[in-house]
Amino acid sequence: MPLPNQFQLAFLASFLGSLALLFAVTEFVKAKLHAAGYHFSDIILIGLEKKPREQIDPEAEAMADLTSGPYAQIVALALALVTTVVVYLKFGRGKRKPVLDPQVWKEFPLKQKIVISPNTAIYRFALPHPEDVLGLPIGQHVSVQAEINGKDIMRSYTPTSSDDDLGHFDLLIKAYEKGNISRYISLLKIGDKVRIKGPKGQFRYAPGLARELGMIAGGTGITPMLQIIRAALKNPLDRTKLSLIYANVNPEDILLKKELDELASKHSHRFRVFYVLNNPPPSWDGGVGFVTKEHIEKQLPPTDKDIKVLMCGPPPMITAMKKHLAELNYPAPRTVSKLEDQVFCF
C-alpha cells in the first residue's frame, strides 16, 4: 500500500482536528449548562412537561448520561475514525503523479517479454512504483532513445497499454534485421533499461470526438489503433463506432488477431475489423493483395463532418491510401496532421 501524500495527510489532519475541536466545544458548553442548572436531557425534552429532578428515575438518568455524556462522544469519535479510514482507503488514495515528462529522458527496466510471433513481442517495462501510471493520453506516443554504434538513435512508439495498467507500460515492437531501435530492444535482457520521453503527438482521443472512426493500419501500425479501440470499447458511456482495415503480408503477421476478433465479437454493434493479406491461406474470406479503394468504400464510413479516418503504416501504403481517399472525396490530410483534421496520419 502506498504511503499517503501531503494532501491526503492534510485532509486527515484537518478532519481529526475539527472533530477534536467539536468535542472540546461540546464539553465546554455542557459544563456551562450544568453550572447554570440545566441538564442535557432537559434540553432534548424541551416542550414536554418537565418533571422535578427528584422524580426522575435514577436508572433512566444514568442511561441518559451514558448516551449523551463522554461515553457517547468517545463512541462517536471512534466511529468517525473508522469511517475516515474506510473512506480514505477506498477513495482517498487516487492515482499517483504521471511518470512521463515531455522534457526529461527517463529510464525504465524491461520487466517481461511476451512473444507474439517469431520477430514480434510485447515488451513490458516497469515503472518506479507498482501503482505508478505512465501518464500517456490515448492516441499519443513516446520517444525511445538508445546509443547505437556511438550515436543516439531515437524512434517513436505507441504503447498498447493505458493508465489503467498500473506499474508498467507495454510496447508492441516488430524487430527488423536492419532496424536500429527495434533490433536493440529485441536484444534486451530482463532488467536492461531504455530511455523514454513523452507524451508526444497531435492526436488525443476522447468520447464524442467523432460519431465514427475509420481506421487503416499496416503491420505494427496497429498499435495506436489498438490503444484507441481498447479505450473506446471499455467505456460504457462511449458510443463511437469503429471500423478497422488491417493489412499484412502473411497470416502470421496479423498482430493480436485473437484480441481483435474477440473485441469485434463482443462489441459487434460498435466495432468491426476487416483483414487484408498479400499471401492469404486457402479459404481466406478477407481482402487479398493491397488495400483498395473498394475496400475503403465498403468497410469505412463515408466522408462526413462528424467522422474521422485514422491511418498508420509503412509510407508507401499511406501514400496509396491518401490517393484512394481523395478519389472517395475525403479531404486531403496535412503534411503534419492535427486533431481537427478529418483524415489523420500517425
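**Pocket, cavities, sheet and helix contact in the predicted model**

Helix H9 gives the most to the lining of the largest pocket, with seven residues. The structure is a predicted model. The largest pocket holds about 1,200 Å³ of space and is lined by 50 residues. Among these, Gly218, Thr220, Gly221, Gly313 and Pro314 lie nearest the centre of the pocket. H9 spans residues 315–327. At least two lining residues each also come from strand E4 (151–157), strand E5 (168–174), helix H5 (180–186), helix H6, strand E8 (241–248) and strand E12 (343–345). Sorted by class, the lining of this pocket comprises 24 nonpolar, 21 polar and five charged residues.

Two cavities of 30 Å³ or more were found in a search of the whole structure. The largest cavity contains about 50 Å³ of space. Its lining is made up of Ser117, Asn119, Thr120, Lys174, Gly219, Thr220, Asn248, Glu252, Asp253 and Leu255. Of the residues lining the largest cavity, one is nonpolar, six are polar and three are charged.

Leu134, Leu136, Ser161, Ser162, Asp163, His168, Phe169 and Gln227 line the second largest cavity. By class, this lining divides into three nonpolar, four polar and one charged residues.

Strands E4 and E5, which both supply residues to the lining of the largest pocket, belong to an open sheet of six strands. The strand order is E4-E3-E6-E1-E2-E5, and the pairing is antiparallel. E4 and E5 are the edge strands, each pairing on one side only. On average, neighbouring strands of the sheet are turned by 40 degrees against each other, with direction ignored. Valine 144 has arginine 155 of E4 as its bridge partner.

Helix H6 (residues 222–233), another contributor to the pocket lining, packs against helix H7 (residues 257–266), with the two axes coming within 12 Å and crossing at roughly 35 degrees. The crossing of H6 and H7 is left-handed. On the H6 side, the contact is made by Ile222, Leu226, Ile229, Arg230 and Leu233, while H7 provides Glu259, Leu260 and Leu263. The residues of this contact divide into six nonpolar, no polar and two charged.

Note on methods: Residues numbered from 1 in each chain as written. Predicted model: local features only at pLDDT ≥ 70, side-chain atom pairs only at ≥ 80, totals over all residues. Heavy atoms only, no water. Axes fitted to C-alpha atoms, helices over the stretch in contact; angles between N-to-C directions. Helix = DSSP H or I, 4+ residues; strand = E, 2+ residues; numbered from the N terminus. Left-handed = near helix turned anticlockwise from the far one by under 90°. Contact = heavy atoms within 4.5 Å. Nonpolar A, V, L, I, M, F, W, Y, C, P; charged D, E, K, R; others polar. 1 Å grid on protein atoms, 1.4 Å probe; cavity = no way out; pocket = protein on both sides within 12 Å on 5 of 7 lines; lining within 4 Å. Points joined across faces, edges and corners; volume = space filled by probe spheres on them. Pairing = 2+ DSSP bridges.
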